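Please look over the model below before reading on.

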Amino acid sequence: MSSQQKHRIQVPDGLRDVLLEFSIAYLLEQPGDVVDYAVTFFTKLQEDRKTTMITSAEPTSPDESIMSHDEGKCN
């Protein structure tokens, strides 16, 4: 094995995907300051993920809503 193969770093798929999205957005918008743009980009990404998690935890149909309220009641 060569020394280059011993020190190879494995980049996780999730990191690769996020950095690719960021890079494409940055290149398309071409903002003046890369750090300010990165802060805005990743803050929005984090907020969007939190919103998605909250939304997916809510019932998606009236039946589910009724069932979830009924399940909490004791008979």
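Among the elements that cover the buried residues of helix H3 is helix H2 (13-29), where contact means heavy atoms within 4.5 Å. This is a predicted model, in which local features need pLDDT of at least 70 and side-chain atom pairs count only at pLDDT 80 or more, while totals for chains, interfaces and linings use all residues. Residues are numbered from 1 along each chain as its sequence is written, and side-chain values use heavy atoms, with hydrogens and water left out.

**Helix H3**
- Tyr37, Ala38 and Phe41 are buried in H3, a term for under 20% relative accessible area, with exposed meaning over 50% and partly exposed in between (1.4 Å probe, protein chains only).
- An α-helix has 3.6 residues a turn, so residues three or four places apart point the same way.
- H3 covers residues 34-57, and its 24 residues reach 34 Å from first C-alpha to last, close to the 34 Å expected at 1.5 Å a residue, the expected span being 1.5 Å times one less than the number of residues.
- Phe42, which lies in helix H3, counts as partly exposed because its relative accessibility is 30%.

**Whole protein**
- The secondary structure comes to 4 helices and 0 strands, these being DSSP runs (helices H or I, at least four residues; strands E, at least two) numbered from the N terminus.
- Of the 75 residues, 8% count as buried.
- The accessible surface comes to about 7000 Å², of which 58% belongs to carbon and sulfur atoms, as computed by the Shrake-Rupley method with a 1.4 Å probe, where for residues only the protein chains shown count as cover.
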